[in-house]
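Please open the structure in your viewer and display the backbone as a cartoon.

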Amino acid sequence: MNNEISDYDKYGYDYEAYWENPKVNRSYENQAEKSVIKKLLKKVKNRNWFCDLGAGFGRLFDTYGDDFFNIILVDYSVENLKKAQEKINEANKLTNLPAGEAGLQANTYFVAANAYHLPFKPEVLDCLLSVRMMHHMEDPTATVGEISRVIRPEGKLILEYANKRHFFEVIRALFKKSKMSPFSLEPTKRGDDLFYNFHPKYIKKLIQDSGLKIIQSVSVSNFRHKVFKKVLGTKIMLFIDKIFRPIFSLIKFGPSIFVLAEKKTAEKDDISISQYLNISDVLLCPKCGSDDLMILKPEIRCKKCERTYPIIDGVYDFRIE
Ligand SMILES: C[S@@+](CC[C@H](N)C(=O)[O-])C[C@H]1O[C@@H](n2cnc3c(N)ncnc32)[C@H](O)[C@@H]1O
Ligand SMILES: [Zn+2]
């Protein structure tokens with residue numbers, strides 16, 4: 001049976017509004033996440049192909065936009081990708097960068113795809129970032145397996161997940177007020193939507209079993225609570241976060257954990273910079289796995305299974321279920 005998908009377009013969910021809601025100030029989480037991503041990206045050696053998986057409207061683009069030759073924003077939501085395209089297009093205009101496809105900076109691509117079936121050849125990405133997507137995945141093993149498949153040997157994964165064993169949840173559990181069973185290893189579904197929280201040990205095993213090794217785990221947004229936000233304010237919270245980050249990371253204190261992992265190498269692997277120049281060099285048909293594709297704008301056709309994938313306004317639509 002196919003996995004259920006958290007389809008933002010189908011439900012008309014406006015994800016950008018979540019961040020811009022004037023009633024809930026989320027600048028603390030936003031800034032905390034971005035500063036950790038920037039720090040972890042410094043550990044990425046090869047900078048040819050990068051993918052932001054579950055990129056949404058491109059909120060995190062400014063953390064990696066200048067760091068890679070080729071950037072692919074992947075998301076199941078075409079509406080969010082269109083927003084990302086507008087936002088990045090606007091930013092490029094301001095910096096007078098050369099225009100590429102659809103008037104965009106030549107090396108930024110927008111791909112609608114299902115994270116369970118990525119349209120990439122094996123081992124093509126130097127780095128894959130995925131933030132706030134994992135909590136929508138009902139089959140985490142398949143997700144991490146698919147992610148690992150497309151990362152190059154020695155390539156990096158930066159994966160964020162919602163931590164069900166975070167400090168405030170443990171306190172709630174001690175007072176029998178937790179709905180999350182923070183000590184059990186299995187993922188816990190919150191509410192009726194596809195929204196899962198994970199135990200750090202569960203994620204660790206998933207990542208290791210998929211052929212990646214964990215280099216670092218960072219606990220983020222440790223004080224995400226409206227009372228702290230009101231009393232302390234963003235700047236002080238970010239400062240405290242930074243000071244205590246090593247100890248908070250060690251005990252997996254916070255509600256959001258960022259893992260930096262590396263794809264293991266076999267001795268025969270060539271780990272020099274990848275030779276893929278164009279998007280057509282890294283794509284494959286997510287339905288049959290063939291890389292024999294014909295790019296005949298406005299569509300891509302798989303020569304093997306004959307499935308076609310439309311390219312609409314610069315968005316490659318490779319979604320399959
Ligand atoms: C909470 S948003 C996070 C967006 C962005 N990473 C950020 O942090 O701002 C989750 C994103 O994951 C995408 N998503 C959910 N399930 C997906 C799937 N199966 N394949 C690809 N994207 C998916 C959603 O469309 C949405 O844009
Ligand atoms: Zn095919």
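The expected span of a helix is 1.5 Å times one less than its number of residues. With that in mind, and noting that this is a predicted model, select residues 27–41, which form helix H3.

Within H3, now show the side chains of Tyr28, Glu29, Ala32, Glu33, Val36, Ile37 and Leu40, which are its buried residues. They lie on the same side of H3, because the arc they cover around the axis is only 155°.

Next, select Arg132, in the loop that runs between strand S4 (125–130) and helix H6 (140–150). The phi of Arg132 is near 60°, a positive value in a residue other than glycine. Arg132 counts as partly exposed, because it has 17 C-beta neighbours inside 10 Å.

Proceed to Ser221, located in the loop between strand S8 (212–220) and helix H9 (226–232). Ser221 is not a glycine, yet its phi is positive, at about 55°. Is Ser221 buried or exposed? Ser221 is buried, since 24 other C-beta atoms lie within 10 Å, and the cut-off for a buried residue is 20 or more.

Finally, select Lys297 and Pro298 and inspect the peptide bond that leads from the former to the latter: this bond is cis, with omega near 15°. Pro298 lies in the loop between strand S10 (293–296) and strand S11 (299–302).

Terms used. Residues are numbered from 1 along each chain as its sequence is written. Chains are lettered from A and ligands numbered from 1 in the order in which they are written. This is a predicted model: local features need pLDDT of at least 70, side-chain atom pairs count only at pLDDT 80 or more; totals for chains, interfaces and linings use all residues. Helices (H or I, at least four residues) and strands (E, at least two) are DSSP runs, numbered from the N terminus. A residue is buried if 20 or more other C-beta atoms lie within 10 Å of its own, exposed if 12 or fewer, and partly exposed in between; C-beta atoms are placed from the backbone. The arc is that of the directions from the helix axis to the C-beta atoms.
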